[in-house]
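Here's a quick briefing on the fold, the sheet and the ligand site. Have a look at the model first, then read on.

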Amino acid sequence: MEKKLNLGSGCVIENVNVAKDHFVMSLLLTSICKDALPGQFVMIRKQGVKDPLLSRPLSLYGVYQTDAGTVLEFLYRVVGKGTWALSRLTGGDQVDILGPLGKPFEILPDRNHVILLAGGIGVAPLSYFAEYLAKDLDRPEERGEETASARKVSFYLGATTAAALVGIEKIERFCTEVRTSTDDGSAGFAGTVTELLQQDLAGLDHRNLCLYSCGPAAMIRSLSQLIESLDIPCQVSMEERMACGIGACLGCSIKVRDASLGWSYCQVCADGPVFDIKNLLWE
Ligand SMILES: Cc1cc2nc3c(=O)[nH]c(=O)nc-3n(C[C@H](O)[C@H](O)[C@H](O)COP(=O)(O)OP(=O)(O)OC[C@H]3O[C@@H](n4cnc5c(N)ncnc54)[C@H](O)[C@@H]3O)c2cc1C
Ligand code: FES
């Protein structure tokens with residue numbers, strides 16, 4: 001497939017501190033971008049800044065067409081230099097953007113119960129996916145009450161504590177149900193979000209289910225073990241560290257199954273970030 005790259009700039013509209021170390025930033029693009037899909041990401045950095053030099057990958061959290069142009073939204077957590085620099089941006093600041101990049105989530109039309117499972121900041125791409133599904137943007141010709149209600153979307157969100165459960169208001173607007181868990185039991189189910197899912201899976205018709213997930217590697221790994229013997233399709237978005245974002249530096253390689261070689265390396269930025277969970281190999 002021919003790769004389409006857009007290197008452009010954006011103007012910060014606002015950059016709101018929504019919880020401790022968490023921000024929602026919205027940007028107005030200088031170009032119209034109509035093909036930004038859930039699961040895709042951009043490489044982003046403040047214009048003219050040399051430290052850090054490299055852009056950082058952020059998933060699309062929202063995409064809106066306005067009279068002024070395309071607005072992109074990002075939900076991000078400050079963990080180091082790059083995200084700290086982003087958190088200092090204010091309205092009117094300019095950013096460099098490369099994207100949208102990567103493979104989006106694939107919608108499976110014959111599976112009517114969609115489960116979105118997020119750990120921590122993994123909520124960002126899945127929240128946009130929930131909005132996309134709720135607005136039936138994948139089937140514009142069928143939009144209407146009947147189709148919207150035919151698809152059930154359950155959002156499972158796990159975090160360390162109640163304070164780290166971010167983005168719930170948006171999810172609640174677009175999902176049929178929201179299930180939460182915290183490691184310390186301060187909100188929702190006490191335990192991991194995969195344990196909560198495991199408990200619920202027992203009462204569900206697996207033939208109608210499809211799963212999408214994003215979160216820390218340990219969570220994806222336990223999800224992979226949980227559904228190993230189950231016939232439930234599952235796509236996961238991997239959040240490896242990235243440098244170039246376009247398959248040039250090989251810095252984001254992961255091991256995947258390969259039908260002829262047994263295993264091979266894939267670049268998360270160019271071949272993903274969305275993968276079939278059954279193709280991932282764990283050391
Ligand atoms: C496809 C993709 C989409 C992403 N979407 C989002 C998003 O929507 N919101 C968001 O907050 N973050 C997202 N991330 C993660 C985000 O890119 C990193 O947190 C960011 O690059 C860290 O940069 P930094 O300079 O702030 O931290 P650094 O100084 O580079 O690192 C600080 C600490 O964070 C750890 N770290 C850095 N990157 C990662 C990573 N990818 N995974 C695990 N640990 C890491 C480092 O090991 C280090 O301990 C995404 C990553 C990818 C690959
Ligand atoms: S980040 Fe350079 S190859 Fe993926």
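One term before we start: two strands pair if DSSP finds at least two bridges between them. With that in hand, V114 has C210 in strand 12 as its bridge partner. Keep in mind that this is a predicted model.

**Overall build**
- The protein chain carries seven helices and 16 strands.
- For 283 residues, a compact globule would have a radius of gyration near 19 Å, and the 18 Å of the protein chain agrees with that.
- Along the principal axes, the C-alpha atoms fill a box of roughly 55 × 45 × 45 Å.
- Buried residues make up 38% of the 283.
- Among contacts with a separation of 6 or more, 62% come from residues 24 or more positions apart.

- Strand 8 (residues 113-119) and strand 12 (residues 209-214) run parallel, joined by six bridges.

**Around ligand 1**
- The shell counts 22 residues, and Y76, G80, G82, T83 and A124 come nearest.
- Strand 4 (56-59), strand 6 (69-77) and helix 1 (81-87) are the elements that each give two or more residues to this shell.
- Sorted by class, the shell has 12 nonpolar, four polar and six charged residues.
- Ligand 1 lies between domain 1 (7-101) and domain 2 (113-239), because both give residues to its shell.

Notes:
Residues numbered from 1 in each chain as written. Chains lettered and ligands numbered in written order. Predicted model: local features only at pLDDT ≥ 70, side-chain atom pairs only at ≥ 80, totals over all residues. Helix = DSSP H or I, 4+ residues; strand = E, 2+ residues; numbered from the N terminus. Rg over C-alpha atoms; globule rule 2.2 N^0.38 Å. Buried ≥ 20, exposed ≤ 12 C-beta atoms within 10 Å, placed from the backbone. Contact = placed C-beta atoms within 7 Å. Near = placed C-beta within 6 Å. Nonpolar A, V, L, I, M, F, W, Y, C, P; charged D, E, K, R; others polar. Domains from an automatic or database assignment.
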